[in-house]
Amino acid sequence: MKIPLSWLRDYVDLDESIEELTSILDDLGLVVEGVEMVGEGLEDVIVARVDEIRAIDGADRVRLVIVDAGEGPLEIVCGAMNFAVGNHVPLAPVGAVLPGGFEIALRKMRGVTSNGMLCSARELRLSEDHEGLYILDDVIEPVVGRPLLEALGMTRDVVFDISIEGNRPDAWSIRGVARDLATRLGREVHSAVLATPDEGATSATYASAGIEDPDLCGRLTVSVLRDVVVRPSPAHLARRLTMAGMRPISNVVDASNLVMLELGQPTHPYDAAHVAQRTLRARRARNGETLTTLDDVERALAQPGRGLGDTGEDCVIVDGEDRVLGLAGIMGGAASEISASTTDVLLEAAYFDPMSIARSSKRHALRSEASNRFERGVDPELALVAVGRFVALLRESNPEVRWMAEPLDVAGNVPVPPTVRLRESDLQRALGVDLTSEDVHRTLEGLMFRVSGEGPWTVTAPSARLDVRSGAAGRADIIEEIARLYGYSRLPRRTPTWPEPGALSDRQRIRRRLRDTVVDLGVHESWTPTLGSDADFDLLSPGSARVRVTNPLASEESVLRSSMLVGLVRAWGKNAERGLGDVVLGEIGNVFTHPEVATMPRHTRGGAAGAVSLALPEENERLTVVLGRDNDDARTGVAMWAALATRLGINDVVVRSSDGAAFGLHPTRTAQLVERGTNRLVGYVGEVDPRLFGALTTMAPRRLGVLDVDLDVLFELTLDAELDQFVSVPGRYPVAIVDLAFVVSQAVHAIDLAEVLMAAADVVEDVTLFDVYRGASLPAGTRSLAYNVRFSSSEKTLSESDIGAAREALIEAARALDAELRS
């Protein structure tokens, strides 16, 4: 934000040097990015009148211009084409030094001597206009030979280019910056000159206003201005706008921009002749509505955005016939803009919901000075003050303008400033200094906070400080304001101490163990892109809802991945094409699930009042391994999981065959990893779907093993295993081993039968599956499962009868699953 020093001095007395002011602003958190010296190098520039324009033989881009600067005719060679005889333009005579150190010398071009230079506004650093010469007739009543600085009513000035943080809505104005300086320096903030409504007919007799959606528009004021004459702004106001980085347009538009820059309240003037029934209302845009904005772009309204939580809500201003006139808080429409024929103006000054303005501005890719302020939070109480300042500025060029009495003022939902209790101990603990009650009152009251008490204090934020929160967070916000105005450089420096040294969290520690383990098992740790395309993820789940990036750099990088399998298979394929396919690739990373697909908590923004419920995507950390060596398949994946579980001490996860495949996995060669007892899903083991393999690689069809594990669940299981590390040592009595084979339905999981056998007798130590048989000798729809069963006792050597009884108990228990001992 560009802030002229002369404008700041309208609000606070400043006699400090430029260096001192720069240092103070930096210390206040208003970082000065640059300082521009305005008017420097213009001392020798004078006003000249164009008396004659001639062509130069052999030159089609430059002309000979005869000018009068008060001492007779001068010949100047000039390349600009935007002027005519009789125009007054700036002349830099020979010997003048322009801004930037450019010295004007006598020059000969095309055989013609040029006795100086006619200047554009940018060459004089008066604006960015470089389309041609600076035509002075448009801005002043020029006098030939008069110094340009005197003609423009200019004095040398300084412009600070300040970076304003997003959490300082109050600082997006000249007055806000001046208030910070005045509070730091202990000086008074001067008031601006405000107009008051004229007596007589009220605004309601001429116009009307309304709010249909009070959650989007918290306040709408409409002021009626009659007898308006549109003309150029006075030179000093136009110059002030130019120094602040905006282009002067007309006295009405310029007054609106000046008020926005000065007070932080955007306003918008409408030509009343083009507003049906002279009515302004705020409402939600409806699907199918369009608006051609002042930049001549037709915009479709009420279109859902690509970001989560953006439902496509636009707040619009409409007239009495429900025709859309403007995109509220962002930009007006071309149909009702101010023109030279405007005589009556409806001036809108309002408060709009910051979040809705931010979303609309982003969705329409339309940023404006107004939207910058509204999306950060404009003071809801400022509207009519801003109108008073607008009228006062307009009357400098249009003294006959009338402001009708009793401006229309419609209320919606506005935020209530929080009240926070602040204790002396809060300040001491946070800042390390003892501040007096007088210091607290002076600092906070200087920033317009209401303060009562002498410690502890009850502090109420001003309506302009929508960034201040309630409760403990609000207390921190207020302490930050006190620290900022007190001066961070004055706070004592201390080295923080901790009661114990830092260490890895449980999750970090287990993740490190996991990474070391998979590397030990021969996995090459890989990185694949987090962003992909719809085409990538249609290979896994065509048409499913996905988490999208609102403004991607490229369409092929617009979707957050829901699986790492696509990236790893593609990476394996690239390696295989180069003869390096005998490799195992693995990645630990996050995947994202759209809230329409995932069951997940919702996030509430904005507190209890006016809260907006947002469904956020689910973010899940996973380990995915693609086994691409020769002979790798689903069995290799099972073996890798067994090794991994052993190293992590996990015993309660079993491999269970799955009826359906997970996304991207083989439909019949895939199994689930589930926790015994709870059936909680831990991951998948299997092979890559041949269709996915064919789509992502150019290699001949083959099998790729896959292991995919949910680390959120795995970390919990590992922690549980660490808490229960005691394993009983086998006793001194011998072990008996028996092999049992059962004929069982194909639908029965081998692990389920093993669990039944484990629980059948107290002397069963272990049950291990060692053979699966299918053949014509078995009934249709069945298979044979052979288990190795270990019997032992900690109290005695098992006798033949003990072993026989246990064996019969196992056979009987198996019948619960319709399993019969195979003869």
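Visitor: Asp710 first: buried or exposed?
Guide: Asp710 counts as buried because its relative accessibility is 14%; buried means under 20% relative accessible area, exposed over 50% and partly exposed in between, with a 1.4 Å probe and protein chains only.

Visitor: What kind of model is this?
Guide: This is a predicted model, in which local features need pLDDT of at least 70 and side-chain atom pairs count only at pLDDT 80 or more, while totals for chains, interfaces and linings use all residues. Residues are numbered from 1 along each chain as its sequence is written, and side-chain values use heavy atoms, with hydrogens and water left out.

Visitor: Back to Asp710. Where is it found?
Guide: Asp710 is in strand β38, residues 705-710. Strands (E, at least two residues) and helices (H or I, at least four) are DSSP runs, numbered from the N terminus.

Visitor: And what is Asp710 in contact with?
Guide: Leaving aside neighbours within four places in sequence, Asp710 is in contact with Asn620, Glu621, Arg622, Val682 and Gly683. Contact means heavy atoms within 4.5 Å.

Visitor: Aromatics next. How many aromatic pairs are there?
Guide: A search of the whole structure finds 2 aromatic pairs. Rings of Phe, Tyr and Trp (its six-membered ring) pair if their centres lie within 6.5 Å; planes under 30 degrees apart count as stacked, over 60 as edge-to-face and the rest as tilted.
Guide: The pair of Phe352 and Phe374 is edge-to-face, because the ring planes are at 70 degrees, with the centres 5.1 Å apart.

Visitor: Which elements hold Phe352 and Phe374?
Guide: Phe352 lies in strand β22 (residues 345-352) and Phe374 in helix α8 (residues 369-374), so the pair ties together parts 22 residues apart in sequence. Both Phe352 and Phe374 are buried.

Visitor: What about Trp572 and Phe693?
Guide: Trp572 and Phe693 form a tilted pair, 5.8 Å centre to centre with 45 degrees between the planes. Trp572 is in helix α15 (residues 565-577) and Phe693 in helix α17 (residues 690-696), 121 residues apart. Both Trp572 and Phe693 are buried.

Visitor: Which ring does the charged end of Arg63 sit over?
Guide: The charged end of Arg63 sits over the ring of Phe83, 5.1 Å from its centre. The test is that NZ of Lys or CZ of Arg is within 6 Å of the ring centre and within 35 degrees of the ring normal. Arg490 has its charged end over the ring of Tyr486, 3.9 Å from the centre.

Visitor: Which residue is the bridge partner of Arg63?
Guide: Arg63, in β4, is the bridge partner of Ala55. Strands β3 (residues 46-56) and β4 (residues 59-68) pair in the antiparallel sense over 7 bridges; two strands pair if DSSP finds at least two bridges between them. In their hairpin, with 2 residues between the strands, Gly58 takes a positive phi near 80 degrees.

Visitor: Now helices. At what angle do α11 and α12 pack?
Guide: Helix α11 (residues 437-446) and helix α12 (residues 471-486) pack at about 95 degrees, with axes 10 Å apart. Axes are lines fitted to C-alpha atoms, for helices over the stretch in contact, and angles run from 0 to 180 degrees between N-to-C directions. α11 and α12 are therefore roughly perpendicular, a class that covers 65 to 115 degrees, with under 35 being roughly parallel, over 145 roughly antiparallel and the rest oblique.

Visitor: Which residues meet there?
Guide: Val440, Thr443 and Leu444 in α11 meet Ile478, Glu481, Ile482 and Leu485 in α12.
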